[in-house]
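I open this entry to record what I looked up in the model.

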Amino acid sequence: MPTAKQQVVLNELSGKRAAVLGIGLRSGVPLIRFLHQQGCIVVACDLKPKEKLQDVFAALADVPVEYVLGPDYLSELKGCDFLFRTPGMRPDLPEISDAVAAGAKLTSEIELVFALAEAAITGVTGSDGKSTTTTLVYEMLKADGRSVSLGGNIGHSLIEEVLDIGPDADIVLELSSFQLMGMEQSPSTAIVTNITPNHLDYHGTMDEYIEAKMQIFQHQASNDILVLNWDNEVTRMFAEQADSRVFFFSRQEAVPQGAWLRGSEIILKVHGREEVLCQAEEISLPGSHNVENVMAAAIAASAKRVSLQAIRQVATTFKTLEHRLEFVRELHGVKYYNNSIASSPTRTIAGLNALQVPTVLIVGGYDKHIPFEPLAQAVVGRVDAIALIGQTATKIEQSIQDVLATRPADLAMQKFATLDAAVSWAQTQAKPGSAVVLAPACASFDMFRDFEERGRVFKQLVEQLR
């Protein structure tokens with residue numbers, strides 16, 4: 001039985017006309033099924049034509065849905081009471097603005113999860129490290145014997161199970177800037193891993209991107225928890241605008257409360273006393289950036305009264321997620337790594353710093369209008385060869401050439417039309433003791449459905465090498 005709070009939300013939906021804008025399998029289909037179960041008249045809108053949505057039609061075969069597909073997919077919003085936009089769809093599109101002006105309520109699947117959740121929500125955002133930190137928090141809660149659900153921008157949609165998650169359980173969500181934009185609710189525990197330029201193709205300006213990220217804490221209460229990166233100038237300044245209890249993590253210096261490095265020890269201070277979590281080298285995840293991710297997760301878990309033993313267990317045993325500096329195979333003394341999640345220069349650089357071996361790098365992809373100068377500065381003199389692919393190949397090549405003009409270095413560099421060709425060339429460039437790494441510094445949408453498909457294709461190509 002729904003609680004009184006949940007019933008208010010469900011009553012508001014019942015009998016209403018709800019448009020779902022973007023109907024992918026991960027969140028669109030579960031949302032449509034849920035809305036139908038609550039008595040909504042559902043209008044499913046998508047830019048794709050029917051022939052490209054056969055998996056969606058099959059999944060919704062037993063659900064009565066009105067479909068509006070193709071170029072005019074936003075033409076039928078008049079008369080809708082609710083508009084559920086998919087992440088990545090701007091809320092200020094003219095058709096959406098007109099419908100809102102006519103009385104429709106603009107919301108999203110993740111906002112509905114927030115509205116219905118009785119369990120405490122931990123939300124994680126940031127430019128890099130979101131998925132790893134989210135999963136670390138989830139695993140720490142599980143290791144402590146808690147009932148916990150994982151969702152948001154990672155895993156699967158929680159909309160069809162949120163009514164069954166009790167108040168004594170926990171929900172852990174990865175939240176992207178797309179999901180946070182315009183939200184009017186914040187999780188009771190929020191983590192911001194870092195903020196660096198990203199998704200500027202969507203947001204247009206860095207200010208809008210930052211503003212979207214800030215929604216994760218701007219609606220928190222005074223007893224809520226906010227975990228911030230002290231070493232990142234943007235996130236450190238967030239504390240000035242927070243009404244909640246702020247904890248910092250830092251690899252560079254001690255902080256008033258939170259987590260930091262003292263020599264090689266990770267110190268945790270959440271409940272007024274200092275405790276040694278573990279030695280930094282005991283963390284099973286590679287790279288100094290993962291020390292930060294572990295510290296952030298440990299603060300959030302400790303604030304939720306997870307035992308130090310459970311936190312330490314996860315910190316020292318948790319292995320990398322798929323597509324995150326994932327070891328694929330070793331062939332002829334060369335190790336191959338899938339870091340397809342590295343869709344920004346900062347992620348690519350962090351991966352390189354974690355490996356510390358001679359490297360052949362595969363970079364390039366969809367253009368998010370992020371500057372590549374920091375990437376060029378990092379790779380020149382650090383990597384042996386670079387294979388360039390995708391929309392941004394020429395941009396990245398020019399940035400590297402600019403650095404080489406002032407800082408000459410031996411660097412083989414070539415552009416390729418396909419990932420297959422890039423992998424084959426990378427094999428010829430790699431020497432025993434080195435690594436071949438897919439770390440594109442870009443999104444995948446010019447060549448692949450998402451970073452996961454890109455990573456899996458890379459792994460298939462690597463397994464086929466002889």
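In which sense do strand 1 and strand 2 pair, and over how many bridges? I found that strand 1 (residues 17-21) and strand 2 (residues 41-46) pair in the parallel sense over five bridges. Two strands pair if DSSP finds at least two bridges between them; strands are DSSP runs of E with at least two residues, helices are runs of H or I with at least four, and both are numbered from the N terminus. Ala19 stands opposite Val43 in strand 2.

The model is predicted: local features need pLDDT of at least 70, side-chain atom pairs count only at pLDDT 80 or more, and totals for chains, interfaces and linings use all residues. Residues are numbered from 1 along each chain as its sequence is written, and side-chain values use heavy atoms, with hydrogens and water left out.

I then noted the whole sheet, which is open, has five strands in the order 3-2-1-4-5 and shows parallel pairing. Strand 3 (66-69) and strand 5 (105-107) are its edge strands, each pairing on one side only.

Next I turned to helix 6 (residues 130-143) and helix 12 (residues 308-317), which pack at about 135° with axes 8 Å apart. Axes are lines fitted to C-alpha atoms, for helices over the stretch in contact, and angles run from 0 to 180 degrees between N-to-C directions. The two helices are therefore oblique to each other (under 35 degrees is roughly parallel, over 145 roughly antiparallel, 65 to 115 roughly perpendicular, the rest oblique). Leu136, Glu139, Met140 and Ala143 in helix 6 meet Ala310, Ile311, Gln313 and Val314 in helix 12, contact being heavy atoms within 4.5 Å.
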